[in-house]
Every structure is written in C-alpha cells, then in structure tokens.
Amino acid sequence: MAKLYFNYAAMNAGKSTTLLQASFNYRERGMQTIEFTARIDDRVGTGVIASRIGLKKDAHMFDAQTDIFAIVQAESATMTAACVFLDEAQFLSVAQVMQLARIVDEINIPVICYGLRTDFMGELFEGSARLLAIADEI
C-alpha cells in the first residue's frame with residue numbers, strides 16, 4: 001500500500017540531496033520515478049532539482065495552477081512509476097496536497113515530499129501545514 005511522506009528540515013539541511021539520492025536508488029534498481037519541483041525555484045534554472053553539492057536532475061515544474069494528479073496519471077499510463085518525488089513542498093496549495101493523496105490512494109504510487117515546515121517568522125507554509133495534517137508518515 002502506497003503512502004504519502006513529508007520530510008521537512010531547515011534550509012541547507014540537504015533535503016534536495018536526499019531526494020536526488022533516493023530517486024537515483026530507485027532508478028538504479030530499474031524502477032521509474034517522477035520528480036517535481038516548484039517553478040519559483042530557479043536557483044540553477046527552472047525545472048531542475050539541484051543540491052548545493054552539485055547533484056541535479058530535470059523535473060516537472062509546478063505552480064499554483066498545476067494539476068499534479070493529472071500529470072502523474074498521464075505519465076503512469078505510459079510507464080510504471082515506482083515513486084513520485086516532490087521538492088519544495090512548502091509551495092504546494094492545499095488542493096495540490098490533496099492531489100498527492102489521490103495519487104497515493106487511487107494510483108497506488110508512493111509520494112515523497114521534501115520541503116520547509118515554516119517561513120523565517122515561524123509561520124507554517126500552506127503546503128506544509130496540509131502535509132503535516134494528512135501525510136501518512138512525517
């Protein structure tokens with residue numbers, strides 16, 4: 001049974017590095033993965049998950065209008081996705097977090113999200129708050 005995971009940590013804690021390593025481990029074993037990152041994250045270019053140690057991988061971009069469920073559903077029709085990885089999860093909307101839950105429940109693909117829990121003032125991000133509320137594992 002697939003689960004929705006939320007891994008949060010402070011800035012510069014290695015979240016993107018961990019995501020890239022986990023995705024690589026799946027692919028090294030012959031399993032396919034789908035990656036997402038926030039369109040707003042353009043530190044090394046758009047549509048790229050990158051770590052400060054130099055690892056990077058192309059990824060789907062999401063913004064407030066992106067239907068993540070539809071993208072995963074379409075891709076999983078042509079491939080057998082073993083896992084969905086999502087970086088910068090704090091930028092998700094409540095509706096998008098619910099789409100991730102649908103991916104887990106209806107398509108039976110695990111979703112692993114990485115992001116910040118709060119902003120610099122200690123306020124929860126919208127996406128993080130919803131993930132903290134409904135994720136199967138934190």
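**Ground rules**

I am working with a predicted model, in which local features need pLDDT of at least 70, side-chain atom pairs count only at pLDDT 80 or more, and totals for chains, interfaces and linings use all residues. Residues are numbered from 1 along each chain as its sequence is written, and side-chain values use heavy atoms, with hydrogens and water left out.

**Entry 1: overall fold**

I began with the secondary structure. I found four helices and seven strands in the protein. Here helices (H or I, at least four residues) and strands (E, at least two) are DSSP runs, numbered from the N terminus. Read from the N terminus, the order of elements is β-α-β-β-β-β-α-β-α-β-α. The radius of gyration is 14 Å, close to the 14 Å from the globule rule for 138 residues, so the protein is as compact as a globular protein of that length. That radius is taken over C-alpha atoms, and the rule is 2.2 Å times the number of residues to the power 0.38.

I then looked up the box. Along the principal axes, the C-alpha atoms fill roughly 40 × 30 × 25 Å. The accessible surface comes to about 7,300 Å², and carbon and sulfur atoms hold 51% of it. Areas come from the Shrake-Rupley method with a 1.4 Å probe; for residues, only the protein chains shown count as cover.

Burial came next. Of the 138 residues, 42% count as buried. Buried means under 20% relative accessible area, exposed means over 50%, and partly exposed lies in between (1.4 Å probe, protein chains only). I also checked contact range, with contact meaning heavy atoms within 4.5 Å. Among contacts between residues at least 6 apart in sequence, 75% join residues at least 24 apart.

How many residues of β7 are buried? I get five of five for this strand, residues 111-115. Val111, Cys113 and Gly115 point one way, Ile112 and Tyr114 the other, and all are buried. In a regular strand the side chains alternate between the two faces of the sheet.

I traced the partners of β7, where two strands pair if DSSP finds at least two bridges between them. Strand β1 (residues 4-8) runs parallel to β7 and is joined to it by five bridges. In that pair, Tyr5 stands opposite Ile112. Strand β6 (residues 81-86) is also parallel to β7, over three bridges. There, Val84 has Val111 as its bridge partner.

I followed the chain from β6 to β7. With helix α3 (residues 94-107), the two strands make a right-handed β-α-β unit. Right-handed means that, with the strands pointing away from the viewer, the path from the first strand over the helix to the second runs clockwise. β6 is mostly covered as well, with five of its six residues buried.

**Entry 2: Thr33**

I placed Thr33 in strand β2, residues 32-38. Five bridges join β2 to β6, and the two run parallel. Thr33 stands opposite Cys83 in β6. Is Thr33 buried or exposed? Thr33 counts as buried because its relative accessibility is 10%.

I listed its neighbours, leaving out residues up to four places away in sequence: Thr33 touches Ser23, Tyr26, Arg27, Met79, Cys83 and Phe85. A second polar contact, of 2.4 Å, joins the side chains of Thr33 and Glu35. A polar contact is a pair of N or O atoms within 3.5 Å; within protein, one must be able to donate a hydrogen and the other to accept it, and residues adjacent in sequence count only if both atoms are side-chain atoms.

**Entry 3: loop residues**

I looked up backbone angles next. Most residues other than glycine have a negative phi, and most peptide bonds are trans. Asn12 has a positive phi, near 65°. I find Asn12 in the loop between β1 and α1 (15-28). Asn12 is exposed, at 57% relative accessible area. Glu88 also has a positive phi, of about 60°. Its loop runs between β6 and α3. Glu88 is buried, at 15%.

Last, I checked Thr66, in the loop between β5 (60-62) and α2 (68-78). Thr66 is buried, at 12% relative accessible area. Not counting residues up to four places away, Thr66 touches Met61, Ile71, Gln96 and Gln99.
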